[in-house]
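Hi,

Here is the structure I said I'd pass along. Have a look at it first, and my notes on what turned up follow below.

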Amino acid sequence: MAKLAIDAGHSVVLSNSRGPETLRDLVAELGPRARAATSAEAAAAGDIVVVSVPVMAFPAMPGAALAGKIAIDTGNYYPERDGRIPELEAKTLTDCEILLRYAPDAQGVKAFNNIFFKHLLNLARPAGAADRSYLPIAGDSATAKAAVTEFLDSIGYGAVDAGPTAEGWRQQPGTPVYGTPYGSFEDEKGTPASAEAIRTALGAATR
């Protein structure tokens, strides 16, 4: 995602749990529009903040630094990694709703969690391309979703509104829109997925 964003002319601030110095090589590879920072610094710097951490790591996030920010939640709940979380097991909440417990003043949008990272890189197409792919997004703020849609457009993707944050389960692992519309993971090039294909897959999801 950082590469696509930089190619589109965005500046990117990267962080991880191990510290900015561990990102030196990646920043050098990405070029002058990229820099590394602590998680709190990265959250404060971004107009849109991409949160790509395991659910079990949500308590360690710099939640205060996300206040007023658009937070794109790209992750998925995996009990074998995250431990069993009662609300997610009972399907009374989505993982993005759990994230917002730790960043209550952020505007959460679920996106990117249903596509293989190599497909994300290889399926980007300019606006108007016949084979442009679409990604589902879920969130409660129309303003935040509009900003994420604009960002997606800039990096080569269309967006399909999947509804409010509570409907984000429709794009989680095990649903028809998770991975499948973009082809097999073994095929790194991927298969373009139209807006209609994504809408159909979202509509076919069951709990």
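Asp 7 and Lys 3 sit four residues apart in helix H1 (residues 2–7), so about one helical turn separates them. The two form a salt bridge, with their closest N and O atoms 3.0 Å apart. Asp 7 counts as exposed at 55% relative accessibility, while Lys 3, at 44%, counts as partly exposed. Keep in mind throughout that this is a predicted model.

That pair is one of eleven salt bridges in the structure. Another one joins the side chains of Lys 118 and Glu 188, again with 3.0 Å from N to O. Here Lys 118 belongs to helix H7 and Glu 188 to the loop between strand E7 (158–161) and helix H9 (195–203), so the bridge ties together parts that are 70 residues apart in sequence. Both ends are partly exposed: Lys 118 has a relative accessibility of 29%, and Glu 188 has 41%.

Asp 131 and Arg 125 make a salt bridge too, with 2.9 Å between the closest N and O atoms. Asp 131 is partly exposed at 33% relative accessible area, and Arg 125 is partly exposed at 21%. Then there is a network: Asp 73, Asp 95 and Lys 110 are joined by salt bridges that share partners.

Apart from neighbours within four places in sequence, Asp 73 is in contact with Val 51, Asp 95, Cys 96, Leu 99, Val 109, Lys 110 and Ala 111.

On to the backbone. Most residues other than glycine have a negative phi. Two residues here go the other way. Lys 91 has a positive phi of about 60°, and Phe 112 has one near 70°. Where do they lie? Lys 91 is in the loop between helix H5 (86–89) and helix H6 (95–102), whereas Phe 112 is in the loop between strand E5 (107–110) and helix H7 (117–122).

Now the overall picture. The protein has nine helices and seven strands. With 207 residues, a compact globule would have a radius of gyration near 17 Å, and the 16 Å found for this protein agrees with that. If you are setting up a box, the C-alpha atoms fill roughly 45 × 40 × 35 Å along the principal axes.

Of the 207 residues, 44% count as buried. The protein exposes about 10200 Å², and carbon and sulfur atoms supply 54% of that area. Among contacts between residues at least 6 apart in sequence, 65% join residues at least 24 apart. As for charge, there are 19 positive and 24 negative side chains, and the centres of the two sets lie 1 Å apart.

Cheers

Methods
Residues are numbered from 1 along each chain as its sequence is written. This is a predicted model: local features need pLDDT of at least 70, side-chain atom pairs count only at pLDDT 80 or more; totals for chains, interfaces and linings use all residues. Side-chain values use heavy atoms; hydrogens and water are left out. Helices (H or I, at least four residues) and strands (E, at least two) are DSSP runs, numbered from the N terminus. The radius of gyration is taken over C-alpha atoms; the globule rule is 2.2 Å times the number of residues to the power 0.38. Buried means under 20% relative accessible area, exposed over 50%, partly exposed in between (1.4 Å probe, protein chains only). Contact means heavy atoms within 4.5 Å. Accessible areas come from the Shrake-Rupley method with a 1.4 Å probe; for residues, only the protein chains shown count as cover. Lys and Arg count as positive and Asp and Glu as negative; His and the chain ends are not counted. The place of a charge is taken as NZ of Lys, CZ of Arg, CG of Asp or CD of Glu. A salt bridge is a side-chain nitrogen of Lys or Arg within 4 Å of a carboxyl oxygen of Asp or Glu.
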